[in-house]
Amino acid sequence: MNELDMKEKMKKLDQVIETHKDQPGSLMPVLHETQEIFGYLPEEAQKKISKELNIPMAEIYGVATFYSRFTLKPRGEHTIGVCLGTACYVKNAQQVFERLQKELNVKPGDTTEDGKFTLEATRCLGCCGLAPVITIGEDVYGKLVPDDIPEILNKYR
Ligand code: FES
């Protein structure tokens, strides 16, 4: 995000805070709209919310990490979910996961430097017959071996 973008977004956040400021239970709606504006909850935004709503940072952090709809880090253009459910696990999902980490040079939960991919482990995706399974956005890839990964990634690069 460039600086101008950030400024614009912080302005929008001001409006959101202004709208909800005097309502009881304003933290959830404000965080929700902050996530919509930035795509995640930047620290700068959290600090502003803390100050304006007079809520300690620790409380904001607690709420932000408790609900999976909030994220504290920017997300990539594509989210890759690697199923580590039992059926996938026994079919070597871990090796597929490791290959993805190597190819993308990221750790689980992180986003690539070019902002293209966020890599995550997921629970059972409900298509165990295709184990091991990964998803990239809405696309599902099954019966994978680690050597399939580079070609799949190339489609999104
Ligand atoms: S365990 Fe992976 S899809 Fe069910």
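Helices are DSSP runs of H or I with at least four residues, and strands are runs of E with at least two; both are numbered from the N terminus. All views show a predicted model.

**View 1. Two domains divide the chain.** Domain 1 covers 3-66. Domain 2 covers 78-154. Their C-alpha centres lie 32 Å apart.

**View 2. The largest nonpolar core holds 16 residues.** Those with the most contacts inside this core are Ile80, Val82, Cys83, Ala93, Val96, Leu100 and Ile134. Three elements, β1 (78-83), α6 (93-104) and β2 (117-122), each give two or more residues to the core. The largest share, 5 residues, comes from α6. A second, separate core has 9 residues, including Leu13, Val16, Ile49 and Ile60.

**View 3. Val82 and its contacts.**

View 4. Helix α6 has 12 residues. From first C-alpha to last, α6 reaches 16 Å, close to the 16 Å expected at 1.5 Å a residue. Its buried residues are Ala93, Val96, Phe97, Leu100 and Leu104. An α-helix has 3.6 residues a turn, so residues three or four places apart point the same way.

**View 5. Packing partners of α6, and what follows the helix.** The buried residues of α6 pack against the helices α5 (86-90) and α7 (149-154). They also pack against the strands β1, β2 and β3 (134-136). Just after α6, Asn105 takes a positive phi of about 60°.

Conventions:
Residues numbered from 1 in each chain as written. Predicted model: local features only at pLDDT ≥ 70, side-chain atom pairs only at ≥ 80, totals over all residues. Domains from an automatic or database assignment. Core = buried A, V, L, I, M, F, W, Y, C linked by C-beta atoms within 7 Å. Buried ≥ 20, exposed ≤ 12 C-beta atoms within 10 Å, placed from the backbone. Contact = placed C-beta atoms within 7 Å. Expected span 1.5 Å × (residues − 1).
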